[in-house]
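Hi,

Here is the structure I said I would pass on. Have a look at it first, and my notes follow below.

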Amino acid sequence: MSRSGVTGRGWAALAEDGTLDGRIFFHLGDDSGFHAVRAQLKPTSTRSQVGDSE
């Protein structure tokens with residue numbers, strides 16, 4: 001693994017709707033905000049699920 005030696009701080013807050021908002025601050029550098037939304041996972045199997053009727 002490569003290390004760049006970058007340090008900083010940040011914060012994140014979980015909203016009532018389940019999203020995550022935050023900001024990252026790089027020491028002596030830039031800052032960046034973000035908004036994260038939980039991914040909707042798709043089933044990886046084509047087999048029918050328990051309880052599915054065919």
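A quick term before the notes: I call a pair of N or O atoms within 3.5 Å a polar contact; within protein, one must be able to donate a hydrogen and the other to accept it, and residues adjacent in sequence count only if both atoms are side-chain atoms. By that rule, the side chains of D31 and R23 make a polar contact at 2.6 Å.

Some housekeeping. This is a predicted model, where local features need pLDDT of at least 70 and side-chain atom pairs count only at pLDDT 80 or more, while totals for chains, interfaces and linings use all residues. Residues are numbered from 1 along each chain as its sequence is written, and side-chain values use heavy atoms, with hydrogens and water left out.

Back to R23 and D31. They also form a salt bridge (a side-chain nitrogen of Lys or Arg within 4 Å of a carboxyl oxygen of Asp or Glu), with the closest N and O atoms 2.6 Å apart. The structure holds one salt bridge. As a general point, side chains of opposite charge can pair when their charged atoms come close.

The cut-offs are under 20% relative accessible area for buried and over 50% for exposed, with partly exposed in between (1.4 Å probe, protein chains only).

Now the strands. D31 sits in β3, residues 31-36; strands are DSSP runs of E, at least two residues, numbered from the N terminus. β2 and β3 pair in the antiparallel sense over six bridges, pairing being at least two DSSP bridges between two strands. The bridge partner of R23 in β3 is G33. Beyond its neighbours within four places in sequence, D31 is in contact (heavy atoms within 4.5 Å) with R23, I24 and F25.

The turn deserves a look as well. The β2 and β3 hairpin has four residues between the strands, and there L28 takes a positive phi near 55°, although L28 is not a glycine. L28 counts as exposed because its relative accessibility is 81%.

Finally, R9. This residue lies over the face of F25, 4.2 Å from the ring centre; the test is NZ of Lys or CZ of Arg within 6 Å of the ring centre and within 35 degrees of the ring normal. R9 and D31 are 22 residues apart in sequence and 9.5 Å apart in space, C-alpha to C-alpha.

Cheers
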